[in-house]
Amino acid sequence: MTPRDEAHRLLAAGQEADVYLRPDGLLVKRSRAGRDPGPEAELMRYLRRHGLPVPRVADVSGADLVMEYIPGPRMSEEVDAKPWRAGALGRELAALHRRLDDLPAPDFLPGDGGLLHLDLHPGNVVLGPEGAVVVDWASARRGDRRVDVALSWMAMAVAPLRPLKRLARSRLLRGFLAGVDGGVRAAMPAAAAIRLARHHRDEAEVSAVRRLVADCSD
Ligand SMILES: Nc1ncnc2c1ncn2[C@@H]1O[C@H](COP(=O)(O)OP(=O)(O)O)[C@@H](O)[C@H]1O
Ligand SMILES: [Mg+2]
């Protein structure tokens, strides 16, 4: 830790970044790989202008993306703490996807087609005082919206869980699937390719992904 970091409270160590709370109440996201936070900040500003619930960007400096801190549990924590709400939370995640469906994709993103978050799972949704807020826009690009929905489905379906949590997950998924277009099934092979290429995946996960792809092609 540098002396500067000691004044910061580590809030989360995500897949790719460390997230700190600054004494002034703002949050700092810093990529461990030293990725330039500029594009993520530009997209978040664009999304806020278009009325999507994302944290307000305060500043970009060096490797730091400084933004509004949204107090509240992640949607994934809420599912664990209040499993009886899982169905409603799944519907809420589907509703966030419908808002993305309606949004004009920004020209400055790579690819073409609609706006894809590409990692819109319940760990990237913070349930703030004014509702659900979507974080972690670093992987966003343009493409087939159904692939984005399929990736969310896959993230929820393949995570290894203790048996006690499986009922909540199936309610979460049922709520989610009730709120999304059935065309998502056709996009599952493309979603699998993206997920398996992204990080190292263990054998159990690879077979869970393959099973889901097969189930969707029936
Ligand atoms: N603006 C924010 N307000 C509150 N919590 C946040 C905010 N941004 C990120 N977080 C928390 O930090 C975690 C990691 O940030 P994230 O952007 O998802 O990075 P990673 O790419 O490493 O997953 C998130 O899952 C969320 O819990
Ligand atoms: Mg994340």
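**Entry 1: histidine 50**

I started with histidine 50, which counts as partly exposed at 37% relative accessibility. My cut-offs: buried is under 20% relative accessible area, exposed is over 50%, and partly exposed is in between, with a 1.4 Å probe and protein chains only. Before going on, I noted that this is a predicted model, where local features need pLDDT of at least 70, side-chain atom pairs count only at pLDDT 80 or more, and totals for chains, interfaces and linings use all residues. Residues are numbered from 1 along each chain as its sequence is written, chains are lettered from A and ligands numbered from 1 in the order in which they are written, and side-chain values use heavy atoms, with hydrogens and water left out.

I found histidine 50 in the loop between helix H2 (38–49) and strand S4 (57–61). Helices (H or I, at least four residues) and strands (E, at least two) are DSSP runs, numbered from the N terminus. Leaving out neighbours within four places in sequence, I see histidine 50 in contact with Leu103 and Pro104; contact means heavy atoms within 4.5 Å. I also looked up alanine 155: from histidine 50 it is 105 residues away in sequence and 26 Å away in space, C-alpha to C-alpha.

**Entry 2: the magnesium ion**

Which atoms coordinate the magnesium ion (ligand 2)? I got Asn124 (OD1) and Asp136 (OD), at 2.2 Å. This pair links distant parts of the chain, with asparagine 124 in the loop between S6 and S7 and aspartate 136 in the loop between S8 and S9, 12 residues apart. Donors are N, O and S atoms within 2.8 Å of the metal (3.2 Å for Na, K and Ca), and water is not among the atoms, so sites may look incomplete.

Are the two residues buried or exposed? Asparagine 124 is buried, at 7% relative accessible area, while aspartate 136 is partly exposed at 21%. I wrote down the phi of aspartate 136 too: it is positive, about 70°, though this is not a glycine.

Leucine 118 lies in the loop between S6 and S7 and is buried, with a relative accessible area of 7%.

Aspartate 119 sits in the loop between strand S6 (114–116) and strand S7 (125–128). It is buried at 16%. Not counting residues up to four places away in sequence, aspartate 119 touches Asn124, Asp136, Asp148 and Arg198.

**Entry 3: cavities**

How many cavities of 30 Å³ or more does the structure hold? I have 2. On a 1 Å grid over the protein atoms alone, a cavity is a set of points where a 1.4 Å probe fits but cannot get out, and lining residues have an atom within 4 Å of a point. Grid points are joined across faces, edges and corners, and a volume is the space filled by probe spheres set on the points.

The largest cavity has about 50 Å³ of space. Its lining includes Lys29, Arg30 and Glu40, and strand S3 (residues 27–31) gives the most to it, with 3 residues.

Leu118, Asp119 and Ala155 are among its lining residues, and H5 gives the most, with 3 residues.

Terms used: 1 Å grid on protein atoms, 1.4 Å probe; cavity = no way out; pocket = protein on both sides within 12 Å on 5 of 7 lines; lining within 4 Å.
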